[in-house]
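User: I would like to learn how to read a two-chain model, feature by feature. Where do we begin?

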Amino acid sequence: MLVFLLRTIKFALQGFFRNFWLSIVTIIILVLTIFSISVVAGLNVVASKAIASVEDKVDVSVYFKSTVSESEILNARYRLESLSEVESVNYISRNEALDNFKKQHANDPLILESLEQLETNPLGATLVVKAKSIEYYPRIMTFLEDPAYDDLIQDKNYEDNKEVIDKLNDLSDRIQRIGIIISVVFIIIAVLIIFNTIRINIYTHREEIGIMKLVGASNWFVRAPFLVESLFYAVLAVIICMVIMYPLLGVVAPQVNNFFEGYNLDLVQYFNSYFWRIFGLQFAFALVLSAFSSGIAITRYLKV
Amino acid sequence: MITLKNVSKIYEPDTYALKNVSLHIEAGEFVSVVGQSGTGKTTLIRLIIAEERPTKGRVIIGDWDITNIKQREIPILRRQIGVVFQDFKLLPRKTIFENVAFGLEVAGVNLKRIQQVVPQVLKIVGLENKKDRFPKQLSGGEQQRAVIARALVHRPKILVADEPTGNLDSINTQEIINLLRKINEFGTTVVLVTHNREIVNSLRRRVITLDHGMIISDQSSGKYIL
């Protein structure tokens, strides 16, 4: 078995080096394919992380009129908490609201002075409602539209965040669509190139194949070197792709991180923590692609 | 050793390469198969090495009916039958040693055994001093001897030679025939396909004559009769 394996590798290496430039072109195409798919997957990760981060920041702030009593607000909080869509409801009392306001405008003496002149706290209490999922917010908003709350609620804010999320979703969908098209084009090119390379290699080796069969080489011994050769392409392509991607990530990551400042997103860290999974997926993908393409060429052109 | 029972081979649509051929070759025999071009000699060889399947009839090698041999069994058969062709079929980028070793390499034989067997067969064919040369550095006769050496590495029970002297001058031809005789003396069944009248007449062994795909003569100590 070991002898079989070593000789298969030897013949595969011979095939690789005899058509060296063809092998190089095949590897380049495979690198481009894996790279494009990785970039699409990477953009997906960035987009989904960004969406998740924005979603995490989404909440509905319900501003109550300053005249509304605390018991009425706590009653509304209780009713909101009993909704199955609601994750949490945070109560900010009138005093807390005033403290927060003062902190926010600590550098604006005019506002602070105006506040001093008012004898009573002009701010109402707020309930910050977080839903279990972003899709539940419209239902929570509907609940708050109840006429019973008309006299209590001064204002609600939600719409702005919704727009950001919709835009992100839309952008992510577009990136995904374009990415998939590019990847599919590269996959088709890669399949054709690998297929053609193996076909030419079979042609180059036709004399040797004929003699192999004549002297009693098993069918697998005749076929295996071509399959192994295509696996070389896959291995080399994945390694080259990783070697290109890592430094490129180092360049791109700070800018992406800056863009999403405040959101929990670190591309390099993500890549490092999922290195083996990414490597494994790329490797599996390249192997399947190579085996598939060379398999067709072998079945079609290598009659044993 | 080799038995053909009522074998016909038809190439579509209606060309008979062999027509109802029956023959039996005993183990250790030296048989010449003669006939003009296109009489089915090469088809006969191709049936014996399972490169072709008969349209009708049965082909039996030893106790093995190879009429409907499975694809994966063909390599096992080929290791029992050495084959020599007119056009040598040596790999130009390999040395003579490597060419001969190739037969063992592809059969999965280990390196130690290869280094043991190859010099032995090179000695039998008289090429032990030219093992490091490339095919183009050898004469036609020497190249054919290298091919015979490659055919012998599996110690086959049968050696099939299809026009092995077709590209050789008379001196080299005689050398190859002497070599085939020597191999036959070791107990290997030899089937020689040839056009060469002189060889057949000088051998004084069994001669099977084919004409239009049929056996028209089978003499135990025959001559070239066409």
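**Reading the model**

Analyst: Start with contact order along the chain. In chain A, residues 24 or more positions apart account for 88% of the contacts with a separation of 6 or more. Keep in mind that this is a predicted model.

User: What does the secondary structure of chain A come to?

Analyst: Chain A has 11 helices and four strands. Of its 304 residues, 25% count as buried.

User: How do I read burial along a helix? Which residues are buried in helix 6 of chain A?

Analyst: The general idea first. An α-helix has 3.6 residues a turn, so residues three or four places apart point the same way. Now the case here. Helix 6 of chain A spans residues 137–144, and Tyr137(A), Ile140(A) and Leu144(A) are buried in it. Viewed down the helix axis, these buried residues fall within an arc of 60°, so they line one face of helix 6 of chain A.

User: What covers the buried residues of helix 6 of chain A?

Analyst: The cover includes four strands of chain A: strand 1 (60–64), strand 2 (86–92), strand 3 (126–131) and strand 4 (153–157).

User: Next, the contact between the chains. How many residues does each chain give?

Analyst: Chain B gives 17 residues and chain A gives 16. On the chain B side, helix 2 (74–78) and helix 3 (96–105) each supply at least two residues. Helix 3 of chain B has the largest share, three residues. By class, the chain B side holds six nonpolar, five polar and six charged residues.

User: How do I read a helix pair? At what angle do the axes of helix 3 and helix 5 of chain B cross?

Analyst: Take distance, angle and hand in turn. The axes of helix 3 and helix 5 (residues 140–152) of chain B come within 7 Å and cross at roughly 30°. Angles under 35 degrees count as roughly parallel, and these two helices of chain B are therefore roughly parallel to each other. Their crossing is right-handed. Ile96(B), Asn99(B), Val100(B), Phe102(B) and Gly103(B) in helix 3 meet Ala146(B), Ala149(B) and Arg150(B) in helix 5. That contact has five nonpolar, two polar and one charged residues.

User: What is the phi of Arg155(B)?

Analyst: Arg155(B) has a positive phi of about 50°, although it is not a glycine. Arg155(B) lies in the loop between helix 5 and strand 7 (158–162) of chain B. Arg155(B) is partly exposed, with 14 other C-beta atoms within 10 Å.

How values were computed:
Residues numbered from 1 in each chain as written. Chains lettered and ligands numbered in written order. Predicted model: local features only at pLDDT ≥ 70, side-chain atom pairs only at ≥ 80, totals over all residues. Buried ≥ 20, exposed ≤ 12 C-beta atoms within 10 Å, placed from the backbone. Arc of directions from axis to C-beta. Contact = placed C-beta atoms within 7 Å. Nonpolar A, V, L, I, M, F, W, Y, C, P; charged D, E, K, R; others polar. Axes fitted to C-alpha atoms, helices over the stretch in contact; angles between N-to-C directions. Parallel < 35°, antiparallel > 145°, perpendicular 65-115°, else oblique. Left-handed = near helix turned anticlockwise from the far one by under 90°.
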